[in-house]
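I opened this model to look up how its parts pack against one another. My notes follow in the order in which I checked things.

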Amino acid sequence: MNAPAPLPAFTMLDESALDRLRELDPGGHNGLLQKVLQTFDNSLRRSLAELRAVTGGPQDEERVLGVAHQVKSSSGAVGALALSAACADVEKRLRARSPGDLMADVRRIVLEGEAALLAVRAMLRP
């Protein structure tokens, strides 16, 4: 049995993406940034669970494509750029019906997703 791949090095969320969110709530009085990050955390956990259930069958390509598309956008919005890029790569390949290793794609998104969760949770801690 193969050992699990190590998590990507801890990466902070892109500060310019976070600044764009902060601009929507000057002074932070409405807690918008925290609400967005918490919503992202909840959504990403569900998406990663869905990816972990993928078995590699032909029906799973559409499932992975849908998750990659959704996570690509939301991760870019919060500054999880490595995750967004991984999802964009996988989405592009699946839309083009290019041959590849679906399970490797899933592992890549899951690993980048776990790293993004670590970064988000670090920001959510008081």
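Predicted model: local features only at pLDDT ≥ 70, side-chain atom pairs only at ≥ 80, totals over all residues.

I listed the contact: helix 1 brings Leu18, Leu21 and Arg22, and helix 2 brings Leu32, Leu33 and Val36. Sorted by class, this contact has five nonpolar residues, one charged residue and no polar ones.

Next I took helix 2 against helix 5. I found that the two axes come within 10 Å, with a crossing angle of roughly 155°. Helix 2 is therefore roughly antiparallel to helix 5, and the crossing is left-handed. On the helix 2 side I noted Leu33, Gln34, Leu37, Gln38, Phe40, Asp41, Leu44, Arg45, Leu48, Leu51 and Arg52. On the helix 5 side they meet Val106, Ile109, Val110, Gly113, Glu114, Ala116, Leu117, Val120, Arg121, Met123 and Leu124. I counted 14 nonpolar, three polar and five charged residues in this contact. Leu33 of helix 2 is listed here and also in the contact with helix 1.

I then turned to helix 4 (residues 81-95) and helix 5 (residues 102-124), whose axes come within 8 Å and cross at roughly 160°. This makes helix 4 roughly antiparallel to helix 5, and I recorded the crossing as left-handed. Helix 4 contributes Ala82, Leu83, Ala85, Ala86, Cys87, Asp89, Val90, Arg93 and Leu94 to the contact. From helix 5 I have Leu102, Asp105, Arg108, Ile109, Glu112, Gly113 and Ala116. By class the list holds 10 nonpolar residues, one polar and five charged.

After the pairs I looked at the protein overall. I count five helices and zero strands, and the order along the sequence is α-α-α-α-α. The radius of gyration is 15 Å, close to the 14 Å that the globule rule gives for 126 residues, so I noted the protein as being as compact as a globular protein of that length. The C-alpha trace spans about 50 × 30 × 20 Å along its principal axes.

Last, I checked confidence. The protein averages a pLDDT of 89, and 90% of the residues score at least 70. Among the elements, I found the lowest mean pLDDT, 92, in helix 1 (residues 15-23). The highest, 96, belongs to helix 2 (residues 32-52).

Terms used. Residues numbered from 1 in each chain as written. Heavy atoms only, no water. pLDDT = per-residue confidence, 0-100. Helix = DSSP H or I, 4+ residues; strand = E, 2+ residues; numbered from the N terminus. Axes fitted to C-alpha atoms, helices over the stretch in contact; angles between N-to-C directions. Parallel < 35°, antiparallel > 145°, perpendicular 65-115°, else oblique. Left-handed = near helix turned anticlockwise from the far one by under 90°. Contact = heavy atoms within 4.5 Å. Nonpolar A, V, L, I, M, F, W, Y, C, P; charged D, E, K, R; others polar. Rg over C-alpha atoms; globule rule 2.2 N^0.38 Å.
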